[in-house]
Amino acid sequence: MFTGIVQGMAEVVAIDKKDAFQTHTIKLLGSMNERLEIGASVAHNGCCLTVTKIEGENISFDLMQATLRLTNLGELGVGDLVNIERAAKFGDEIGGHSMSGHVSLVATVSQVIDTPNNRTVWFELPTESMKYVLAKGYIGLDGCSLTIGEVEGNRFSVHLIPETLQRTLFGTRKAGDKINVEFDPQTQAIVDTVERVLAAKNV
């Protein structure tokens, strides 16, 4: 489980591409590397990956074809940065909302609006997915637990404070970028349940 509170960013230092499979190696520094073990879960842009090799600060993870196809991790190159969160431990403070690290789909940044004290970012999703996007609800974007601002058609916005911009990739995101999305599981469960009940009544 993850909390959606990104601990920082890490650089991709190597990518070993094979048939329908890749190994990514990132450089984890400081507290993000403390007591890390083979088999541990670490979220990259909100996608849960398993540690497969540790060589000092260089930590490797294997990515299957489905992960490469369904998330923005398949677009990464050496030198790129990823948002990092270590898996939550029992007793940790949950500062965001509970997240599984299972990316639902990828959204596209449609607009970035900067003001002196914050940044508003608009995202586009397929229309059929917007049923899970509710104003003032939670959503996971590149591993960040964020509150949805406005919802318009197949677009929604989030408002980002300077701390988030400094700690995560959202400080450099621009229109056209692809962002990993994990819908709030409680919202998704409620919407799906209501749909099933209404469908049963109309049979």
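Analyst: A polar contact is a pair of N or O atoms within 3.5 Å, where one must be able to donate a hydrogen and the other to accept it. The model is a predicted one.

User: Which residue has a backbone oxygen that lies 3.0 Å from a polar atom of the side chain of Asn72?

Analyst: A polar contact needs N or O atoms within 3.5 Å. The side chain of Asn72 has a polar atom 3.0 Å from a backbone oxygen. That oxygen belongs to Lys178.

User: With which side chain does the side chain of Asn72 make a polar contact?

Analyst: Asn72 sits in the loop between α1 (65-70) and β6. Its side chain makes a polar contact at 3.2 Å with another side chain. The partner is Asn45.

User: How far apart in space are Asn72 and Leu198, C-alpha to C-alpha?

Analyst: Along the sequence, Asn72 and Leu198 are 126 residues apart. Their distance in space, C-alpha to C-alpha, is 35 Å.

User: Which residue in the hairpin of β3 and β4 takes a positive phi?

Analyst: Strand β3 (residues 41-44) pairs with strand β4 (residues 47-55) in the antiparallel sense, over 4 bridges. The hairpin has 2 residues between the strands, and the positive phi, near 50°, belongs to Asn45.

User: What is the bridge partner of Lys53 in β5?

Analyst: β4 also pairs with strand β5 (residues 58-64), in the antiparallel sense and over 4 bridges. In the hairpin of β4 and β5, with 2 residues between the strands, Gly56 takes a positive phi near 65°. The bridge partner of Lys53 in β5 is Ser60.

User: With which side chain does the side chain of Lys53 meet in a salt bridge?

Analyst: Side chains of opposite charge can pair when their charged atoms come close. Lys53 is partly exposed, at 42% relative accessibility. The side chain of Lys53 meets a partner at 3.3 Å, N to O, and that partner is Glu55.

User: How many salt bridges does the structure hold?

Analyst: A salt bridge needs a side-chain nitrogen of Lys or Arg within 4 Å of a carboxyl oxygen of Asp or Glu. Arg155 and Glu152 meet this at 3.4 Å, N to O, and Glu152 is partly exposed, with a relative accessible area of 43%. The number of salt bridges in the structure is 10.

User: What separates the centres of domain 1 and domain 2?

Analyst: The domain assignment gives domain 1 (8-86) and domain 2 (105-197). Taken over C-alpha atoms, the distance between the two centres is 23 Å.

User: How many residue pairs are in polar contact between domain 1 and domain 2?

Analyst: The two domains bury about 910 Å² between them, 45% of it on carbon and sulfur atoms. The count of salt bridges between domain 1 and domain 2 is 0. The count of residue pairs in polar contact, both at pLDDT 80 or more, is 6.

User: Which element gives the most to the side of domain 1 that touches domain 2?

Analyst: β1 (8-18) and β6 (81-86) each supply at least two residues of that side of domain 1. The one that gives the most, with 4 residues, is β6.

User: What is the relative accessible area of Ile15?

Analyst: Ile15 lies in strand β1. Its contacts beyond four places in sequence include Gln22, His24, Leu76 and Val78. Ile15 is partly exposed, and its relative accessible area is 22%.

Methods
Residues numbered from 1 in each chain as written. Predicted model: local features only at pLDDT ≥ 70, side-chain atom pairs only at ≥ 80, totals over all residues. Heavy atoms only, no water. Buried < 20%, exposed > 50% of the residue type's maximum accessible area, 1.4 Å probe, protein only. Pairing = 2+ DSSP bridges. Domains from an automatic or database assignment. Buried area = accessible area lost by both parts, 1.4 Å probe. Contact = heavy atoms within 4.5 Å.
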